Amino acid sequence: MPLLTALFATALLMALGLALALLGMGETTLAARDRDARAAEYAARAATALGAAELRLLPSWSVVLRPGTPSELAGVSARVTDSSLTPAAPWGGTLDLRALTSQLQAETDAAGVPGDAMAWRLFAYAPLSRFVPGPASSRLYLVVWVSDDRADGDHDPSADTNGSIVIHAEALGSDGLRTAVEATIQRVPVTGGGPDVVRLLSVRPRP
Amino acid sequence: MTRGFSLVEMLISLALMVTLTGAVMHLVLAGQRMARVQPEAADQQQRTRVALQAFARDVARAGAGLDAGIRAGPLQQFFASVTPSADGGITVWYVSSREAQATLATTAGPTIAQLTIAPNAVCPPAQPACAFAAGTTVILFDASGCHDVLRIDTVTLTTIQVRAPPACTYATGSAVAQGEVRTYRVDRAARQLVRRDEATGIDLPVLDGVDAMDVDYFDDVVTANPAPVDPALNVRAIRRLRARMRFAASLGGLVPDLIVAIDVTPPNLVLRQVLR
């Protein structure tokens with residue numbers, strides 16, 4: 001009888017322990033995903049700011065909106081770009097930036113919003129560690145696209161005539177993590193000459 | 001002849017058995033309690049994450065303004081887009097669409113519930129009523145800081161019929177844009193985190209089991225631990241906020257209160273307006 005009691009109690013405790021261990025592992029995974037999603041949101045926002053900072057160095061944005069080679073690329077790229085359009089992802093495997101561009105373009109076209117057509121061009125793309133060099137380890141990859149805005153009115157997505165363009169920045173991570181932010185920026189000529197000033201008009205996280 | 005157990009031997013073995021069984025039962029009961037409490041605690045954590053994510057995503061949009069025209073840029077230039085609400089919550093304003101943005105073609109005011117609009121530079125040319133749609137929310141504001149949130153009932157080619165007229169009087173050229181105005185607060189009676197749509201007044205429960213929420217406002221985004229500012233003094237100076245929510249204990253107190261704080265710096269409140 002004591003042997004049976006001990007065996008039964010051991011089995012019960014093992015089952016409870018196993019259930020708790022599984023629960024703990026699940027909780028750890030959820031917490032890690034939550035932390036990564038928040039980090040990706042901040043990273044995407046930072047990519048938007050970095051994209052705007054790079055764009056302000058250019059005398060005209062039409063040169064960026066023109067298709068490069070291949071056509072998914074912007075006519076002029078930012079200083080931070082990978083050497084390939086199929087770069088190694090920081091979490092393993094490879095990324096297909098041409099496919100991501102096509103996907104973003106398809107999503108934009110499918111929205112069916114009237115106005116000038118938008119054509120997304122890859123402007124900056126690199127792991128976060130290259131955007132922000134330092135000891136902090138991150139397994140995020142940042143991609144920045146630019147497009148003419150719909151209100152341009154010239155019906156030419158390769159030319160900026162109203163001084164406004166849209167930046168779409170994404171932070172990509174392992175297990176399908178993907179966070180996007182869009183910003184509208186505008187260049188304003190300075191009275192009396194000198195380089196244009198650039199205004200960040202709005203920043204909107206994409207759902 | 002077989003010798004039996006003595007009374008002393010029997011008593012010792014009985015004491016050993018009772019001690020052993022007691023220890024095992026104690027372990028089993030403690031394990032059972034953990035098995036009951038831990039899923040509840042994990043569920044509480046997960047619900048907390050979901051609620052905070054919904055809250056933070058909305059607050060992060062605060063202040064997003066027009067994308068073109070003379071009133072382009074963050075709403076904070078014209079009025080406070082993050083404000084404490086009278087019922088202890090927090091209200092955020094933001095323009096949600098890049099396309100449905102226009103200006104008033106005629107004046108509007110407390111007796112006028114029909115807004116006549118003139119498209120601005122971002123208004124899609126082929127779209128009736130500049131892409132505004134019935135059943136959505138519109139934000140109306142001008143350079144003086146007057147601002148209203150209204151619900152659209154119907155639209156025509158150039159007009160928007162709103163459910164109730166604005167409180168302010170707006171001159172021709174005032175800005176009209178599709179947006180959202182939402183208040184997050186805690187309904188103490190129902191112990192719920194609630195989101196109110198200020199255009200309709202409709203409350204939507206976000207999460208059960210929330211006892212309290214308090215928000216500190218800061219005018220500083222650089223300092224790690226800045227001193228809170230009094231939002232009543234200069235509400236347009238708010239650049240960052242810290243919300244603390246207390247989630248109710250459950251299972252008769254076995255899962256204790258959970259207090260979570262989250263810092264949010266809405267990007268549109270801290271936009272460097274001009275990059276030189």
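## Basis of the model

The model is predicted: local features need pLDDT of at least 70, side-chain atom pairs count only at pLDDT 80 or more, and totals for chains, interfaces and linings use all residues. Residues are numbered from 1 along each chain as its sequence is written, and chains are lettered from A and ligands numbered from 1 in the order in which they are written.

## Chain A overall

Chain A contains four helices and five strands. Helices (H or I, at least four residues) and strands (E, at least two) are DSSP runs, numbered from the N terminus. Read from the N terminus, the order of elements in chain A is α-α-α-β-α-β-β-β-β.

The radius of gyration of chain A is 24 Å, whereas a compact globule of 207 residues would have a value near 17 Å. That radius is taken over C-alpha atoms, and the globule rule is 2.2 Å times the number of residues to the power 0.38. Along the principal axes, the C-alpha atoms of chain A fill a box of roughly 95 × 40 × 30 Å. Of the 207 residues in chain A, 38% are buried. A residue is buried if 20 or more other C-beta atoms lie within 10 Å of its own, exposed if 12 or fewer, and partly exposed in between, with C-beta atoms placed from the backbone. Among contacts in chain A with a separation of 6 or more, 60% join residues 24 or more positions apart; two residues are in contact if their C-beta atoms, placed from the backbone, lie within 7 Å.

## The sheet of chain A

The five strands of an open sheet in chain A follow the order E1-E2-E3-E4-E5, with antiparallel pairing. Strand E1 (121-127) and E5 of chain A are the edge strands, each pairing on one side only. The twist from one strand to the next averages 20 degrees. Two strands pair if DSSP finds at least two bridges between them.

E4(A) and E5(A) run antiparallel and are joined by eight bridges. Thr184(A) stands opposite Ser202(A) in E5(A). H3(A) packs on the sheet and touches E1, E2 and E3 of chain A, its direction making about 45 degrees with that of E2(A). Axes are lines fitted to C-alpha atoms, for helices over the stretch in contact, and angles run from 0 to 180 degrees between N-to-C directions.

## A sheet in chain B

Chain B has an open sheet of three strands in the order E11-E12-E13, with antiparallel pairing. Its edge strands, each pairing on one side only, are strand E11 (210-218) and strand E13 (258-264) of chain B. Neighbouring strands of this sheet are turned by 15 degrees against each other on average, direction ignored.

Seven bridges pair strand E12 (residues 240-247) of chain B with E13(B) in the antiparallel sense. Opposite Arg246(B) stands Ile259(B) in E13(B). Helix H1 (residues 7-60) of chain B packs on the sheet, where it touches E12 and E13 of chain B, and its direction makes about 25 degrees with that of E13(B).

## Contact between the chains

The contact takes 36 residues from chain A and 41 residues from chain B. On the side of chain A that touches chain B, helix H1 (2-55), strand E4 (178-188) and strand E5 (197-205) each supply at least two residues. H1(A) gives the largest share of that side, 16 residues.

By class, the side of chain A that touches chain B has 21 nonpolar, seven polar and eight charged residues. Here Ala, Val, Leu, Ile, Met, Phe, Trp, Tyr, Cys and Pro count as nonpolar, Asp, Glu, Lys and Arg as charged, and the others, Gly among them, as polar.

## Nonpolar core

The largest nonpolar core has 111 residues, and those with the most contacts inside it are Leu142(A), Val143(A), Val144(A) and Val138(B). H1(A) gives the most to this core, with seven residues. Such a core is a set of buried Ala, Val, Leu, Ile, Met, Phe, Trp, Tyr and Cys residues joined through C-beta atoms within 7 Å. Not counting residues up to four places away in sequence, the residues that Val144(A) touches include Ala47(A), Phe123(A) and Ile167(A).

## Backbone details

Thr69(A) and Pro70(A) are joined by a cis peptide bond, with omega about -5 degrees. Pro70(A) is in the loop between helix H2 (62-65) and helix H3 (97-111) of chain A. Most residues other than glycine have a negative phi, and most peptide bonds are trans.

His155(A), in the loop between strand E2 (141-148) and strand E3 (164-172) of chain A, has a positive phi near 55 degrees. His155(A) is exposed, with 9 other C-beta atoms within 10 Å. Arg191(B) has a positive phi near 50 degrees and lies in the loop between strand E8 (175-187) and strand E9 (192-197) of chain B. Arg191(B) counts as partly exposed, with 15 C-beta neighbours inside 10 Å.
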